[in-house]
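Subject: Structure handover

Hello,

Here is the structure for you to look at. My notes on what was found in it follow below.

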Amino acid sequence: MEPELLELLKDAKEEAPPPRYGVEEAVAAGRRLRRQHRAGWAIAAAAAVAAAIGVPAIVTHPAAPDPRPVVGETPPATGPGTLNFTFRGYVAAGFRVDDPAEADLGSDTAVVRALNASTDAATLRVFHPGTDPSAHFRDRSTTAADPIDGRPAFYSGTDLWWQYATGRYAVLTARNSAMNREQMYQVAAAFRLGATRPVLIGFATERLPANYMLVEAYGTPSGPGHDATSGATFLLASAAKAMAAQPDRVGDNSILGFRLDLARWTPSYPHLNQRGVTCPPAGGSAALTCYRLVDLGRDGEYVLSATWTDYSTGPLSAALTSTRLAALYDLTTWWEAGRAFPASARVPG
């Protein structure tokens, strides 16, 4: 992270009461969660996103809009404060690139799998216009690849970087040697930018912590052979604005964060056989997570979770009980991420 963002995070932390757990422990917990959902967006029940601050007030806002069709509406806004997808899935070199399912302030990301395989072979991350991700590779060893559509491309470790348009970058990251360089190159060469469209998520709420802003969201609807997942990450306004001001609009959103996640219920969830909100003791973990078990009829039972570090159960329960859910199999009932929460939760762009 840039020095300015680190200073803002430091100031925010110092203004708050001392946390129960150390910053290093908290950050590690948050990074584990990000790795889990970026590697297929399966939300682990006990995963935690870290924060090292005290308890801000919960504020009540006007209700979020009712579910309504959002696919194919007027083009969404673009800029640092919006969360958009910029391409569609495709097939190349024996691999399928899924539709992107996650976006942050500066990029959107999709999973890549071999045809007829369920495990991830790679991830494709596309940086949006106006971003500069060169800090990700500037000081790393690189090997030139053949140009892609006449523009530069190069390998760096398990990454293949290329410019999909002048000054605009994408990166394909292989996992566990699941793709060789020739396969990576063919997948990259087949990439095409698509129409910009908003990230859709399966829930909305009118109650969030005061002074928090949305910086990341993800979601995939339920369908044959797979369950729906959806989630959102929020940072303190100062940290979110600083993130949007970075050249790549990327920061460590495991710091000073608040998360909401939706996933299929499994027996691994602790003691959730009753309706209402359950807040198991944090024990030795770096964060407190509360859960709300919901029966969605045709979709079955799902769990909505809210995670924060060192907080009382009140703020978490308030966020969970106010959250409304879409029909997870029907994208026309999902919310645009930018409209699922109060206007004050949007990073100004």
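Phe191 is buried, at a relative accessible area of 4%; buried means under 20% relative accessible area, exposed over 50%, and partly exposed in between, with a 1.4 Å probe and protein chains only. The model is a predicted one, in which local features need pLDDT of at least 70 and side-chain atom pairs count only at pLDDT 80 or more, while totals for chains, interfaces and linings use all residues. Residues are numbered from 1 along each chain as its sequence is written, and side-chain values use heavy atoms, with hydrogens and water left out.

Aromatic pairs

The structure holds 14 aromatic pairs. Rings of Phe, Tyr and Trp (for Trp, the six-membered ring) pair if their centres lie within 6.5 Å; planes under 30 degrees apart count as stacked, over 60 as edge-to-face, and the rest as tilted. One of the pairs is Trp162 with Phe191, edge-to-face at 6.2 Å centre to centre and 75° between the planes. Trp162 sits in strand E10 and Phe191 in the loop between H3 and strand E12 (197-198), so this pair ties together parts that are 29 residues apart in sequence. Helices (H or I, at least four residues) and strands (E, at least two) are DSSP runs numbered from the N terminus. Trp162 also counts as buried, at 1% relative accessibility.

Phe258 and Trp308 make another edge-to-face pair, with 4.7 Å centre to centre and 65° between the planes. Since Phe258 is in strand E18 (residues 257-264) and Trp308 in strand E21 (residues 301-308), the pair ties together parts that are 50 residues apart in sequence. Phe258 is buried at 0% relative accessibility, and Trp308 is buried with a relative accessible area of 0%. Ring pairs link Phe258 and Trp308 with Phe203, Tyr212, Phe234 and Phe341 into a cluster.

Nonpolar cores

A nonpolar core here is a set of buried Ala, Val, Leu, Ile, Met, Phe, Trp, Tyr and Cys residues joined through side-chain atoms within 4.5 Å. The largest has 48 residues, and those that touch the most other members are Val199, Ile201, Phe203, Phe234, Phe258, Leu260 and Phe341. Leaving aside neighbours within four places in sequence, Phe341 is in contact (heavy atoms within 4.5 Å) with Ile201, Phe203, Thr205, Leu208, Leu214, Ala232, Phe234 and Leu260. A second, separate core of 28 residues includes Ile148, Met179, Met184 and Phe191.

Helix H3

Which residues of helix H3 (residues 181-189) are buried? They are Met184, Tyr185, Val187 and Ala188. Seen down the axis of H3, these buried residues fall within an arc of 165°, so they line one face of the helix; the arc is that of the directions from the helix axis to the C-beta atoms. They pack against strands E3 (90-92), E4 (95-97), E9 (153-156), E10 (159-165) and E11 (168-174). Asn180 caps the N-terminal end of H3, with a side-chain oxygen 3.2 Å from the backbone nitrogen of Glu182.

Two serines

Ser230 is in strand E17 (residues 229-236) and is buried, with a relative accessible area of 0%. A polar atom of its side chain lies 3.0 Å from the backbone nitrogen of Gly202. Beyond four places in sequence, the contacts of Ser230 include Ile201, Phe203, Tyr218, Leu260 and Trp334.

Ser322 lies in the loop between helix H5 (313-321) and strand E22 (324-325), and counts as buried at 10% relative accessibility. Its side chain reaches the backbone oxygen of Ala318 at 3.1 Å and the backbone oxygen of Ala319 at 3.1 Å. Not counting residues up to four places away in sequence, Ser322 touches Ala204, Thr205, Glu206 and Arg207. Ser322 and Leu208 are 114 residues apart in sequence and 9.4 Å apart in space, C-alpha to C-alpha.

Positive phi

Ala93, in the loop between E3 and E4, has a positive phi near 55° and is not a glycine; Ala93 is partly exposed, with a relative accessible area of 32%. Ser177 has a positive phi of about 55°, lies in the loop between E11 and H3, and is exposed at 73% relative accessible area.

Totals

The secondary structure comes to 5 helices and 23 strands. Of the 349 residues, 53% count as buried.

Regards

Note on methods. Polar contact = N/O pair within 3.5 Å; in protein donor to acceptor, adjacent residues only side chain to side chain.
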